Amino acid sequence: MSRSYRSFIGDSTALGRLGTEDDSLITTFRRLLLEEVDLHELSKLEPSQRRARLERVIAHLVSREGVILSTSERNLLVRRVVDEAVGLGVLEPILADPTVSEIMINGHETIYVERSGRLELWPAGFTSEEQLLQTIDRIVSTVNRRVDESSPMADARLPADTRMPRGARVNVVLPPLALNGPTVTIRLFPTAISLPRLIEWGSLNSELAALLQACVEARLNVVVSGGTGSGKTTLLNALSSFISPKERIVTIEDAAELSLDQPHTIRLETRPPNVEGRGQVTIRDLVRNSLRMRPDRIIVGECRGGEALDMLQAMNTGHEGSLTTVHANTPGDALARLETLASMSDVEVPFHAIRDQVNSAVDVIVQLNRHSDGARRVVETCFLASRRQEDFDLVPLVTWDPMHVDDVARTRGRFVTHTVPDALRRRLAEAGVALPAFMEGAS
């Protein structure tokens, strides 16, 4: 096999898109590697030790086969062969990039990533659909899931490990449902971000943070509203830090992303049906069950179905101070969506009764938007002043006033404080929580 080999020169992010000859070399060394190592002994090692052992073996094989490479080329070849043998191949350098928050694979040749709220085309792709399918199989097999022609869709949460220290949520769709080829979306869970960090990023200011803290401490029910990728879960996690450590909290999610520091936290996660279509446990099942667990507060990662009715009833029956998120573009849309979702319940409830539930349960809506520059910001915080079956009356507390967009599409503006409704003042006073000083003059 002795020959000069120069195709690996270049940036390491381009390792996924190699020529036929290059791919053949990787395949050859992968085969030689599997012939050389004892897989049983290898499985006893820690992941970092296993990788180091394989890298040494590959380096030895490259020398033995007489492939002429520079040091940088040899390092790239070793890394790529090990990635293909025991890792996730092309995805390895993407997963190692801490700035990437989401990975979108549209067929084996095209990969997009999200950085700072913006999509970028990754300069590498899988060399074949077979290689992508092998990678998909490795991903879903780690959580005992299966995806094939008979079951062409899969949704799973990957636990944190050395490859994905933050953990991730993965969605897979295979042909014939996916017309562009196997499609994979990997959302890397963010590390818990505090409100001070969100203030530093400009997502909100210190005054608004103080108001939200007062609302949580006074046990107001808060709904965080926003579009996909607007930062709802991040803000929900930050708001939860204001809950007293003496309270019993139950969190309910499709994929467990929340990371609360309180010692008395019970985390519940849904379960999809098995290959026979049985065993599914929905958010609604978990919300209903949580009411029997004596929670002080319930946090639902997202209301997206009939569980909205159960969540509203819980907020109205001794579980004040609960938190949830909903997909909507405005606070008004969020209330309308909660009504629609609650009507999807299998319990026949008249429309006027659902309106009563929403008005009685929801206190504050926090609206998030993702701007053209990728920034995520709280654009409106409202108090729901209506009660019983009245039309919704949303009173703005703090709103974002965009002043202009500069040459690089960055949105400039300021937070504006509005008049504080008497009902909110009373709620805070009854809970023994002081109104933030910056709002005292807003009357």
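Colleague: Is E114 buried or exposed?
Modeller: Please keep in mind that this is a predicted model, and that buried here means a relative accessible area under 20%. The relative accessibility of E114 is 7%, so E114 counts as buried.

Colleague: With which residue does E114 form a salt bridge?
Modeller: Side chains of opposite charge can pair when their charged atoms come close. In the pair that includes E114, the closest N and O atoms are 3.6 Å apart. E114 belongs to strand β4 (residues 111-115) and its partner to strand β15 (residues 376-384), so the bridge ties together parts that lie 262 residues apart in sequence. The partner, partly exposed with a relative accessible area of 25%, is R376.

Colleague: How many residues apart in sequence are the parts that R169 and E257 tie together?
Modeller: These two residues form a salt bridge whose closest N and O atoms are 3.4 Å apart. R169 sits in strand β7 (residues 168-173), whereas E257 is in the loop between β10 (249-253) and β11 (265-269), so the parts tied together are separated in sequence by 88 residues.

Colleague: In the salt bridge between D356 and R388, how far apart are the closest N and O atoms?
Modeller: The pair links distant parts of the chain, with D356 in helix α13 (residues 351-361) and R388 in the loop between β15 and β16 (394-405). D356 counts as buried at 13% relative accessibility, while R388 is exposed with a relative accessible area of 54%. The closest N and O atoms of this bridge are separated by 3.2 Å.

Colleague: What distance separates the end C-alpha atoms of helix α8?
Modeller: Helix α8 covers residues 206-217, and its 12 residues, taken at 1.5 Å a residue, should span 16 Å. The distance in the model agrees with this expectation, since the end C-alpha atoms are separated by 16 Å.

Conventions. Residues numbered from 1 in each chain as written. Predicted model: local features only at pLDDT ≥ 70, side-chain atom pairs only at ≥ 80, totals over all residues. Heavy atoms only, no water. Helix = DSSP H or I, 4+ residues; strand = E, 2+ residues; numbered from the N terminus. Expected span 1.5 Å × (residues − 1). Salt bridge = Lys/Arg side-chain N within 4 Å of Asp/Glu carboxyl O. Buried < 20%, exposed > 50% of the residue type's maximum accessible area, 1.4 Å probe, protein only.
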